[in-house]
Amino acid sequence: MANVQFGLIIRGQFSAADDMAVRFQELLEQARLADALGFASLTMGMHYSTAPLQSLQQLPFLARAMAEAPRLRLNFGAIVLPLHKPIDVAENLATMDVMSGGRVIFSAALGYREVESLAFGTWQKDRVQRFEENLEAIKRLWTEESVEMTGSHFELSGASVSVRPVQKPHPPIWIAANADAAIRRAARLGDCWYVNPHNRIDTIVRQVEVYRRALDEQEKPFPAEFPARREVFVARSREDALRLCRPFLETKYEVYREWGQDRAMPAGDNDFGVDFDSLVRDRFLLGSAEQVAAQIVDLNRATGINHLIMSVQWPGMPQAMVLEVLHLLAEDVMPLVAKA
């Protein structure tokens, strides 16, 4: 278990009444603390039109955080790839890789929200094709001197990136996926499947077998780095953890339900309308330091997940509570996991 890495995801999502200038400074404080405490990575997601929440955008935030947390890998996790043009993504991430000294992780997702697709002039029915075309084009732009490629929504005619990534042949490519078909796509196209924070753990255990079979079909080995996102909260006991985090975590998953996140999940594990106790059961990592460490160890042994990217803040949660959880994770949970 000593090789398990721990990352922090900063969603940067807050209520409409929040002062975002203040919240931004708090998020930078979280990044600095994660760096000082020995976390491995810093993740920022990507969403647009995030009502009823306010949200900071991924690229400018990670560009600033890069200087505040010089040891953390920077996970663009995950870029909603069908919304964008490949040369823009390729150039921005290559620039970030150079500026950070080779610390970028490129995570890509299909996306599920129609409001985002329509705002970018795209359609949900085209998203798989656009995703695959964009990913192929980005890989080629990072590794070829000149690219000739015609896609459904772009043409690369002798195109090249202005700067190449430091990492060779390119930054790691993690493919986020909820459904079985998307997991098979991740096995085919990515360096690894980036496990989502929503599915129950029993669903993930089943889906790891889907992933293994898909890797076998592609004649690819199981990845050395297998990342997953989870909602995590540590307190003196599980009862305290549930009591303290409930109002904030419940709000976040009410918003996810409004957005339709659960409808993108596998049958049998696709309803966020259940009561809170049912929602958290076998889904999130909550409890005392000893309980959370044991849950992480069990997750690793059942699935092979060895880069755990932890979300520890949800809308309305005060900064002091977040910082306390980060300390508990680094000082109590991580050593217990390493000893397991």
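What follows is a short exchange about labels and cut-offs.

Author: This is a predicted model, where local features need pLDDT of at least 70, side-chain atom pairs count only at pLDDT 80 or more, and totals for chains, interfaces and linings use all residues. Residues are numbered from 1 along each chain as its sequence is written, and side-chain values use heavy atoms, with hydrogens and water left out.

Reader: Why is Ser 117 called buried?

Author: Buried means under 20% relative accessible area, exposed over 50%, and partly exposed in between (1.4 Å probe, protein chains only). Ser 117 has 6% relative accessibility, so Ser 117 counts as buried.

Reader: Where is Ser 117, and what does Ser 117 touch?

Author: Ser 117 lies in helix α4, residues 114-119. Helices (H or I, at least four residues) and strands (E, at least two) are DSSP runs, numbered from the N terminus. Ser 117 touches Leu 83, Thr 122 and Gln 124, leaving aside residues up to four places away in sequence. Contact here means heavy atoms within 4.5 Å.

Reader: Why is Glu 219 called exposed?

Author: The relative accessible area of Glu 219 is 74%, so the label is exposed. Glu 219 sits in the loop between α7 (201-217) and β11 (227-234).

Reader: Why is Asp 282 called partly exposed?

Author: Asp 282 has a relative accessible area of 36%, so Asp 282 is partly exposed.

Reader: What makes the negative surface patch?

Author: Glu 290, Glu 324, Glu 331 and Asp 332 form the patch. For a charged patch, residues need over 30% relative accessible area and no salt bridge, and like charges are joined within 9 Å. A salt bridge is a side-chain nitrogen of Lys or Arg within 4 Å of a carboxyl oxygen of Asp or Glu. Helix α11 (residues 319-339) gives the most, with three residues.

Reader: Why does Asp 332 count as partly exposed?

Author: Asp 332 is at 35% relative accessibility, so Asp 332 counts as partly exposed. Asp 332 is in helix α11.

Reader: Which residues does a cis peptide bond join, with omega about 10°?

Author: Ala 51 and Pro 52. Pro 52 is in the loop between β3 (41-44) and β4 (53-55). The bond from Lys 168 to Pro 169 is cis too, with omega near 0°.

Notes:
Patches are made of residues with over 30% relative accessible area and no salt bridge: like charges are joined within 9 Å, nonpolar side chains (Val, Leu, Ile, Met, Phe, Trp, Tyr) within 5 Å. Accessible areas come from the Shrake-Rupley method with a 1.4 Å probe; for residues, only the protein chains shown count as cover. Lys and Arg count as positive and Asp and Glu as negative; His and the chain ends are not counted. The place of a charge is taken as NZ of Lys, CZ of Arg, CG of Asp or CD of Glu.
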